[in-house]
Amino acid sequence: MKIVKYISSLFAIALLFAACDKKEVELDFRPAAGMAQFQLHYMVPVTSGVSTEYIYRVDINDVNISNDQWSISTYNGQPGSNVGEFFVAQPGKNNIKLYQRVSSKDTLVYNQDATFTSGTQTVIVYDFHQPPIVTEWNVPENTGKSYDTDTIGYIKFHNLMFETPAVPKTEDAPEIPAVPTTLKLQYQFRYILHPLYTIADEMAGTIPEGKKVGNYTGDTKKSKWANLGPALAFGENTGWVKVPVKKSEYVTSGYATIDYRILVVEGGTVGVEKNADGILLACATGKTTPTSYGTIGDTGDNSERGDYWTLYVGRAHQHFFAGARAGLPGCGVRTFGAR
């Protein structure tokens, strides 16, 4: 049996060398220990979904790390094929170049330096003429615990709202830069209090006849609005905030629909930037061009900034509030899974 085993092993080794002889295979893996690991987010206030605005090439210190295999679409990020993937660079000062593709040619649109630290971080490009915002990744550890129909997820909110977008240069005038908001914004959330019957209901004897743990209660009453972290000036974020997940499905990987809204807590004028309750208005009064992110419609309505997102048990998502409020392209919350 030993002879057969050794012959088989030698045959396998021979096949391996034969395969390598035909085609050399290189695996571009590098140890991440001590390196800077980062995700790159593209939040410049440009028109959403327009492919000419996409980033098609990313260079770090003049090395093309995108390999022309993917693009960064507007208000999105990379790596984005799976949650928790990162680019890698040396800690310290790094140069970032971003290219759009014009008439099949790579056109440089961004050339800025940023300082990376050892470990994981989020890198946010928000203005073609400014260095990026670099923030700690620091996603909370997942305890793996689940508590009947009530557990938690995590949200980090970023205030990246501009009041007006950049105006491109012309033959007669230079470019007018985008104007960041001077408002201080408060992100808030609420959730359905009792969507499903729980084990606690069963123990209390409050489940109606014909119903059982995990069935829908039909109760749509929601919690009071709660602050998701502190109020933020432009460029700030809340850090990771726990949000209750009152499951909409009675399974371990259940989820809940969470309502969100944005208040103006400093600055602003009623009827222009906020309504009488302090809720941020999506656009300046008088705009007539509708967009997909809540700017004023043809009726002249000035819609309030609110939305809802699905949050799964144990997941963590970054919410980027980006775009230009008082004109095209409009502004809205874009989400990106972190865990």
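## Salt bridges

A salt bridge is here a side-chain nitrogen of Lys or Arg within 4 Å of a carboxyl oxygen of Asp or Glu. The model is a predicted one, in which local features need pLDDT of at least 70 and side-chain atom pairs count only at pLDDT 80 or more, while totals for chains, interfaces and linings use all residues. Residues are numbered from 1 along each chain as its sequence is written, and side-chain values use heavy atoms, with hydrogens and water left out.

The count of salt bridges comes to nine, and a network of them links Arg57, Asp59, Arg101 and Asp106. Buried means under 20% relative accessible area, exposed over 50%, and partly exposed in between, with a 1.4 Å probe and protein chains only. Asp59 is buried because its relative accessibility is 2%, whereas Arg57 is partly exposed at 23%. Asp106 is partly exposed at 31%, and Arg101 is partly exposed at 30%.

Another salt bridge joins Glu266 and Lys184, whose closest N and O atoms are 4.0 Å apart. This pair links distant parts of the chain, with Glu266 in strand β15 (residues 255-266) and Lys184 in strand β12 (residues 184-190), 82 residues apart. Strands (E, at least two residues) and helices (H or I, at least four) are DSSP runs, numbered from the N terminus.

## The open sheet

Four strands in the order β3-β2-β6-β7 form an open sheet with antiparallel pairing; its edge strands, β3 (63-64) and β7 (105-116), each pair on one side only. Two strands are said to pair if DSSP finds at least two bridges between them.

Strand β6 (residues 92-102) and β7 are paired in the antiparallel sense over eleven bridges. Along this pairing, Gln100 has Thr107 of β7 as its bridge partner, and Gly92 stands opposite Phe116 in β7. The hairpin of β6 and β7 has two residues between the strands, and Ser103 takes a positive phi near 50° there.

## Aromatic rings

Rings of Phe, Tyr and Trp (its six-membered ring) pair if their centres lie within 6.5 Å; planes under 30 degrees apart count as stacked, over 60 as edge-to-face and the rest as tilted. The whole structure holds 13 aromatic pairs. One of them, between Phe38 and Phe116, is tilted, at 4.8 Å centre to centre and 35° between the planes. Phe38 lies in strand β1 (residues 36-42) and Phe116 in strand β7, so this pair ties together parts that are 78 residues apart in sequence. Phe38 is buried at 0% relative accessibility, and Phe116 is buried at 2%.

The rings of Phe157, Tyr187, Tyr260 and Phe321 are linked by ring pairs into a cluster. A charge sits over a ring if NZ of Lys or CZ of Arg is within 6 Å of the ring centre and within 35 degrees of the ring normal. The charged end of Arg57, a member of the salt-bridge network, sits over the ring of Tyr99, 4.2 Å from its centre, and that of Arg334 sits over the ring of Tyr75 at 3.7 Å.
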